[in-house]
Amino acid sequence: GGYGYKRFNQDKKGPIVLDVHLRFSKELTNRKNIIIKSQVQSGIARVMCLKQWIVDAAGIEYARAEFKMAFFDMLERKIIAPSEDWIAAIGLSDIGK
């Protein structure tokens, strides 16, 4: 299941980006077949680090980004532990099992 705007607006809790570092290393042309790879750098925590990079079939890297993100309660106005639903939505539900 996803965790989009509708869910965020309903629960008043959801992910926020605290910091991002983005580096473009090569021009990505129109209609180029690409792969977006993702890797969580830290385990499930209040603040998490996620890396993503764009490569083509030959493994040539076009861009790299590192995100520091957290799960935020809009009503309490504070960072909270991530919900099980959000952890599952980003594909981390099997970590630590």
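1. In this note, a residue is called buried at under 20% relative accessible area, exposed at over 50%, and partly exposed in between, computed with a 1.4 Å probe on protein chains only. By this scale Asp 56 is buried, at 6% relative accessibility.

2. The model is predicted: local features need pLDDT of at least 70, side-chain atom pairs count only at pLDDT 80 or more, and totals for chains, interfaces and linings use all residues. Residues are numbered from 1 along each chain as its sequence is written, and side-chain values use heavy atoms, with hydrogens and water left out.

3. Helices (H or I, at least four residues) and strands (E, at least two) are DSSP runs numbered from the N terminus.

4. One network of salt bridges links Arg 7, Asp 11 and Asp 85. Within helix 1 (residues 5–11), Asp 11 and Arg 7 are 4 residues apart, about one helical turn, and their closest N and O atoms lie 2.5 Å apart. Asp 11 is partly exposed at 26%, as is Arg 7 at 25%.

5. Arg 7 also pairs with Asp 85, with closest N and O atoms 2.4 Å apart. Because Asp 85 lies in helix 2 (residues 84–89) and Arg 7 in helix 1, this pair ties together parts 78 residues apart in sequence. Asp 85 is partly exposed, at 40%.

6. The buried Asp 56 forms a salt bridge with Lys 32, the closest N and O atoms being 3.6 Å apart. Lys 32 lies in the loop between strand 1 (13–24) and strand 2 (34–40), and Asp 56 in strand 3 (residues 47–56), so the pair connects parts 24 residues apart in sequence. Lys 32 is partly exposed, at 37%.

How values were computed. A salt bridge is a side-chain nitrogen of Lys or Arg within 4 Å of a carboxyl oxygen of Asp or Glu.
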